[in-house]
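Reader: I am new to this structure and would like to learn how to read it. May we go through it feature by feature?

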Amino acid sequence: MNALRDTIIEKLIEAIGDPLRVLTEIHDLFSYSFDASFGVYKPDFICQPMATVEVVEIIKLASQYEIPVTARGTGTSLSGGPLAIKGGIMLDFSLWNTKLEIDPDNLVAVVSPGVITAKINAKAEEFGLMYPPDPSSAHVSTIGGNLAENAGGPRGLKYGVTKDYVLGLEVVTAQGKVIRTGGQTVKNVTGYDLTKLIVGSEGTLGVITEATLRLIPKPMATKTAMVLFDEIVDSGRAISKVLRSGIMPSKMEIMDQHSIIAVEEYASLGLPTDVEAILLIELDGHPIALEEEMARVAEACMMVNARHVQVAKDNEEAQQLWQARKLVSPAIVKVKPTKISEDATVPRSKIPEMFQRLKEIREKYNVHLVVFGHAGDGNLHPNIIADQRDEEEMRRVEQAVEEIFETAVELGGTLSGEHGIGLMKAPFMEMELGKDGLHMMKLIKDAWDPQNILNPGKIFPEPGQRFELRND
């Protein structure tokens, strides 16, 4: 066995061409054994490719020896997507950030998989352009990871998610072939849409080595309002009321009372803790039009029992309002150390009912459940704060999460709006897709990856697999 391992290491170094980018020491393997979700799974080898030809040679080697291959960016996944649960080769793309090219005439960016997502937008802004997808982890997550998970963010309400801005991909298949999907044109209807198929496939169909992304002109101005509600159900009604008024906000974020209290105790921002919900609403567009549109937003909210609408006077005040939303995650973990972050999504019309059901789940299982997220597109983030050392509490948390997913699907929603399926949500896939729907997806996986070497154990549940929150 040691002889085989030594042979594989030798061949990996040959494929990479640099022994410093092939890591095999035990401390390195453990450093890559976890992400931002739960569970620890140690890979057998770590490679840090920085060219497509290197990925090709590694995949060919993996195919020859039937070694699992898992791609990884910076490990910010909340669903276990980059965990090497079957061991094998870990492809660490975090060093491959060498290409970030903006073509302002064609409104596209061409990027390497290891480029940090926020840097794409920052570079686009130099040309008066914008890359809209803005996951909360954009300042640390890679575009390759965003493509794998089809990441979203607050701007998803108006602008959509990652897949809506991918024009083309360079992909290495499970056989070590290089294919290009799409191109640099906005219109492209030649054959099957392989680009959309690969985005969100979580590395189970191929390994993305380059992406061509669509950019848009940056809006001229933004305007922000904070809206207070005595009843959280009324905040859900306000979302629908605003959207029916003909206004499409760029962001519509919600914080429930538990989130508000946690933030206020954490940072003393002067938030009212006696309200059940806060909506943060951002509009973008022409500055003159924004004045009238924000007035209509305020009117719509007041019609469904908003207590107060505070409109920011300038960008500085707007940033102060958004600070509350940005502090939710660090604030709630001050209460208890273990944070379970979910992103069950429901149709907008079902948001009030989902809020009510979440309140019932909180009481039924006696868990510390807080709700925030992208309310405008129904992408709620029910977060449960617990202590993983308390086994009895964690069992209740697992039951609560299961019921959250069941409720979302029952209301016509989905298991995930942006975090992906990975390992964590695989046990619930048949519940949403049905046996036949899941089988059709498996046929696609088998056709692309007949040896099942690309990120095995993700998306598709193993027989008897159950939802577990563990980190051992």
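Reader: Which residues does Lys 458 touch, not counting residues up to four places away in sequence?

Author: Please keep in mind throughout that this is a predicted model. Lys 458 touches Thr 70, Gly 80, Gly 81, Pro 82, Leu 83, Ile 85, Thr 204, Gly 422 and Leu 423. Lys 458 itself is found in the segment after helix 15 (429-448).

Reader: Is Lys 458 buried or exposed?

Author: A residue counts as buried when its relative accessible area is under 20%. Lys 458 has a relative accessible area of 2%, so it is buried. A polar atom of its side chain lies 3.3 Å from the backbone oxygen of Gly 80, and Gly 80 is one of the residues that Lys 458 touches.

Reader: How should I read a helix, and which residues of helix 1 are buried?

Author: An α-helix has 3.6 residues a turn, so residues three or four places apart point the same way. Helix 1 covers residues 2-16 and reaches 21 Å from its first C-alpha to its last, close to the 21 Å expected at 1.5 Å a residue. Its buried residues are Ile 8, Ile 9, Leu 12, Ala 15 and Ile 16. Seen down the axis of helix 1, these buried residues fall within an arc of 120°, so they line one face of the helix.

Reader: Which exposed residues does the face of helix 1 turned away from its buried side carry, and what covers the buried residues?

Author: The face turned away from the buried side carries Ala 3, Glu 10 and Glu 14, which are exposed. The cover over the buried residues of helix 1 includes strand 1 (22-23), strand 2 (45-47), helix 3 (52-65) and strand 4 (89-92). After helix 1 comes Gly 17, with a positive phi near 80°.

Reader: How do I read a sheet, and in what order do the strands of the five-strand open sheet lie?

Author: Strands of a sheet pair through backbone hydrogen bonds, either parallel or antiparallel. In the open sheet of five strands, the order is 5-6-10-8-9 and the pairing is antiparallel. Its edge strands, strand 5 (100-103) and strand 9, each pair on one side only. From one strand to the next, the twist averages 15°. Helix 4 packs on this sheet, touching strand 5, strand 6 and strand 10 (207-214), and its direction makes about 35° with that of strand 5.

Reader: How many bridges join strand 8 and strand 9?

Author: Strand 8 (residues 166-172) and strand 9 (residues 178-182) pair in the antiparallel sense over five bridges. Within this pairing, Glu 170 stands opposite Arg 180, and Val 171 stands opposite Ile 179. The two strands form a hairpin with five residues between them, and Gly 176 in the turn has a positive phi of about 80°.

Reader: Where does Ser 112 lie, and with which residues is it in contact, leaving aside neighbours within four places in sequence?

Author: Ser 112 lies in the loop between strand 6 (108-111) and helix 4 (117-125). Ser 112 is buried, with a relative accessible area of 4%. It is in contact with Trp 96, Asn 97, Thr 98, Lys 99, Ile 143 and Thr 209, apart from neighbours within four places in sequence.

Reader: What is the strand order of the seven-strand open sheet?

Author: The order is 15-12-14-13-17-18-16, with antiparallel pairing. Strand 15 (306-311) and strand 16 (338-341) are the edge strands. Strand 13 (residues 251-256) and strand 17 (residues 368-374) pair over two bridges, and the bridge partner of Met 255 in strand 17 is Phe 372.

Definitions and conventions:
Residues numbered from 1 in each chain as written. Predicted model: local features only at pLDDT ≥ 70, side-chain atom pairs only at ≥ 80, totals over all residues. Heavy atoms only, no water. Helix = DSSP H or I, 4+ residues; strand = E, 2+ residues; numbered from the N terminus. Expected span 1.5 Å × (residues − 1). Buried < 20%, exposed > 50% of the residue type's maximum accessible area, 1.4 Å probe, protein only. Arc of directions from axis to C-beta. Contact = heavy atoms within 4.5 Å. Pairing = 2+ DSSP bridges. Polar contact = N/O pair within 3.5 Å; in protein donor to acceptor, adjacent residues only side chain to side chain. Axes fitted to C-alpha atoms, helices over the stretch in contact; angles between N-to-C directions.
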